[in-house]
Amino acid sequence: QEHLGGKLPADTVFIAPQAMDSTWYPHSFLEPREKNQPKLSSALSVVSRTLAEINKHIPPERVILVGFSQGACLAAGYIAEYGTVHCRSLLLFSGAIGGSDAA
């Protein structure tokens with residue numbers, strides 16, 4: 001937080017789940033969703049379970065889902081599929097909703 005110019009509240013917490021084998025899904029986010037299954041569904045489930053666990057201690061209106069690169073694609077896909085039930089907003093760096101069936 002010191003490196004962020006003291007802009008964040010002192011009680012700010014960062015939680016970063018680690019993808020198994022350093023990837024959330026095996027192929028590009030531009031591929032059809034089916035090509036990234038079952039890893040993509042498993043990854044979305046990890047995000048859902050993690051947010052649900054966080055919400056036991058922190059209300060959704062105080063949670064921001066952040067993602068970088070493949071994590072940004074995953075976060076965007078999560079919000080597209082489930083909405084902001086478990087978090088207030090979304091912050092993405094270098095990512096997009098992928099797959100040929102993306103809205």
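Modeller: We shall discuss the strands, the helices and then some individual residues. Please keep in mind that this is a predicted model.

Biologist: Let us start with the strands. How do E1 and E2 run, and how many bridges join them?

Modeller: Strand E1 covers residues 64-68 and strand E2 covers residues 89-93. The two strands run parallel and are joined by five bridges. Opposite Leu92 in E2 stands Gly67.

Biologist: Through which helix does the chain cross from E1 to E2?

Modeller: The chain passes through helix H2, residues 70-82, on its way from E1 to E2. This β-α-β crossover is right-handed.

Biologist: Now the helices. How is the packing of two helices described in general?

Modeller: One gives the angle between the two axes and the distance between them.

Biologist: At what angle do the axes of H1 and H2 cross?

Modeller: They cross at roughly 75°, and the axes come within 10 Å of each other. Helix H1 spans residues 39-55. Angles of 65 to 115 degrees count as roughly perpendicular, so H1 is roughly perpendicular to H2.

Biologist: Which residues make the contact?

Modeller: From H1 come Leu40, Ala43, Leu44, Val47, Ser48 and Leu51. From H2 come Leu74, Gly77, Tyr78 and Glu81. Of the residues in this contact, seven are nonpolar, two are polar and one is charged.

Biologist: How many aromatic pairs does a search of the whole structure find?

Modeller: The search finds one. Tyr78 and Tyr82 form this pair, with 4.8 Å centre to centre and 35° between the planes, and the pair is tilted. Both residues lie in helix H2, four residues apart, which is about one turn of the helix.

Biologist: Is the peptide bond from Gln37 to Pro38 cis or trans?

Modeller: That bond is cis, with omega near 0°. Pro38 also lies in the segment before H1. In general, most peptide bonds are trans, and most residues other than glycine have a negative phi.

Biologist: What is the phi of Ser22?

Modeller: Ser22 has a positive phi of about 60°, although this residue is not a glycine. Ser22 lies in the segment before H1.

Note on methods
Residues are numbered from 1 along each chain as its sequence is written. This is a predicted model: local features need pLDDT of at least 70, side-chain atom pairs count only at pLDDT 80 or more; totals for chains, interfaces and linings use all residues. Side-chain values use heavy atoms; hydrogens and water are left out. Two strands pair if DSSP finds at least two bridges between them. A crossover is right-handed if, with the strands pointing away from the viewer, the path from the first strand over the helix to the second runs clockwise. Axes are lines fitted to C-alpha atoms, for helices over the stretch in contact, and angles run from 0 to 180 degrees between N-to-C directions. Angles under 35 degrees count as roughly parallel, over 145 as roughly antiparallel, 65 to 115 as roughly perpendicular and the rest as oblique. Contact means heavy atoms within 4.5 Å. Ala, Val, Leu, Ile, Met, Phe, Trp, Tyr, Cys and Pro count as nonpolar, Asp, Glu, Lys and Arg as charged, and the others, Gly among them, as polar. Rings of Phe, Tyr and Trp (its six-membered ring) pair if their centres lie within 6.5 Å; planes under 30 degrees apart count as stacked, over 60 as edge-to-face and the rest as tilted.
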